[in-house]
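User: I'd like to go through the labels on this model and hear what's behind each one. Please put it up first.

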Amino acid sequence: MATDLKANGLSNGDSKYPMEDVDTSAKDKLLAEAGAALPPPGHARRESTSDQVKKLHPGVVIAIWISLSSSVILYNKAILDKQRLNFPYPIFLTTFHLTFATIGTRILLKTTHLLDGLANVNMTWDRWIKSILPIGALFSASLIFSNMAYLTLSVSFIQMLKAFTAVAVLGMSILMGLETFTQRTFFLVLFISSGVALASYGELTFVLSGFIFQTLGVIFEASRLVSIQKLLHGMKMDPLVSLYMFAPVCAGINALIIPFTEGTAPFELAWERLGPFILLSNASVAFLLNISVVFLIGCASSLVLTLSGVLKDILLVTASVLLMGSSVTITQLAGYSIALTGLVLFKTKPEIVDQIMDGAKKLVGR
């Protein structure tokens, strides 16, 4: 349910679980929500993984990633929506995905080279308790609140609100001393914030509870990303290695929460309203999304990743309107266009933006 490509998380479709490289180099910061490929430990195994990535054309990988990311979000919305499959238990659904991912990553470790990078992660009990556990708690909260928003808000509106995640991450990074506030970032933050505000103003079916849930989801997601930079500084984990580490933690936390929030109802109704095919296929699509992110990062530049994320958001909003009957106003489209433009500029290196502007000036003869 992931992500923006912050899939955008396991259940929020942004990359399904938005796992990130925790290195602080320039490129890694641009890929903060997606992660960076981790070099496997052995030469022979490294060739095995990299060769798989090189054989795939970037366009094919991007198309697969967009399809899976959008499918996860639309599938989750259909399951949680009372007018469709009517299974309004987001915490149970998230827990099922996380449990599936926990088992799936263990199987991949035994049968493929996709988790070779795990051998390079020096994980001690002290680090697990002080870093993995609190980050896992933030991740769990992010997934829960993001999925609770689907109970009342449209997919299109949620995608528009997610554009504010980059601003939240920047704000928390500045507070934690990881970033400095510049004139450029000030104007871009103002640009993105204005676009999101305009999109919210134009929402026809605005529900305050859903807006609060999504806002909390964004805050917890931003807190998670910043905490990774702070607590796991210098440790590289690609999306699947991160999933291997965090999925069981999140599943355990969620399992403790379910009895006090959703009770026994989801366990009684899951088989009746959804059945094994929907449950397993839904979790499988989310898990495949995480695998696709590994290949996506391995074959695309940071700029291509950013533009692919924007394309995915536009297609997802369109699909929400066509397939689910979401209403999008002209005001919202204008606001979302402003926010996306700001987001692209925010995630693109200033020198690349300058090169594009210089090329545009030459085309118009200036």
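User: What makes the crossing of α4 past α11 right-handed or left-handed?

Analyst: A crossing is left-handed if the near helix is turned anticlockwise from the far one by less than a right angle, and right-handed if clockwise. α4 passes α11 in a right-handed crossing, so the near helix is turned clockwise from the far one. Keep in mind that this is a predicted model, where local features need pLDDT of at least 70 and side-chain atom pairs count only at pLDDT 80 or more, while totals for chains, interfaces and linings use all residues. Residues are numbered from 1 along each chain as its sequence is written, and side-chain values use heavy atoms, with hydrogens and water left out.

User: And why is α4 called oblique to α11?

Analyst: The axes come within 9 Å and cross at roughly 45°. That angle makes α4 oblique to α11, because under 35 degrees counts as roughly parallel, over 145 as roughly antiparallel, 65 to 115 as roughly perpendicular, and the rest as oblique. Axes here are lines fitted to C-alpha atoms, for helices over the stretch in contact, with angles running from 0 to 180 degrees between N-to-C directions.

User: Which residues meet there, and how do they divide by class?

Analyst: On the α4 side they include Phe 92, Phe 96, Phe 100 and Leu 108, and on the α11 side Phe 267, Leu 280, Phe 287 and Ile 291 are among them. Contact means heavy atoms within 4.5 Å. By class, the residues divide into 15 nonpolar, 5 polar and no charged. Ala, Val, Leu, Ile, Met, Phe, Trp, Tyr, Cys and Pro count as nonpolar, Asp, Glu, Lys and Arg as charged, and the others, Gly among them, as polar.

User: What makes α10 roughly antiparallel to α11?

Analyst: Helix α10 (residues 239–261) and helix α11 (residues 265–299) pack at about 155°, with axes 12 Å apart. An angle of that size puts α10 roughly antiparallel to α11. α10 also passes α11 in a right-handed crossing. Leu 240, Leu 243 and Ile 258 of α10 are among the contacting residues, as are Phe 287, Asn 290 and Val 294 of α11. The count by class is 10 nonpolar, 1 polar and no charged.

User: Where does the α6 and α9 pair fall, then?

Analyst: α6 and α9 pack at about 40°, with their axes 10 Å apart. That makes α6 oblique to α9. Phe 157, Ile 158, Leu 161 and Lys 162 in α6 meet Phe 211, Gln 214 and Val 218 in α9, which gives 5 nonpolar, 1 polar and 1 charged.

User: How do you know how many helices and strands there are?

Analyst: Helices (H or I, at least four residues) and strands (E, at least two) are DSSP runs, numbered from the N terminus. The protein chain comes to 14 helices and 0 strands.

User: What makes Asn 86 partly exposed?

Analyst: Its relative accessibility is 25%, so Asn 86 counts as partly exposed. Asn 86 sits in the loop between α3 (58–80) and α4 (90–111), and has a positive phi of about 55° although it is not a glycine.

User: How do you know that Ser 320 makes a polar contact with Ser 156?

Analyst: A polar contact is a pair of N or O atoms within 3.5 Å; within protein, one must be able to donate a hydrogen and the other to accept it, and residues adjacent in sequence count only if both atoms are side-chain atoms. The backbone nitrogen of Ser 156 lies 3.4 Å from a polar atom of the side chain of Ser 320. Ser 320 is found in helix α12 (residues 302–324) and is buried, with a relative accessible area of 0%.

Definitions and conventions: Buried < 20%, exposed > 50% of the residue type's maximum accessible area, 1.4 Å probe, protein only.
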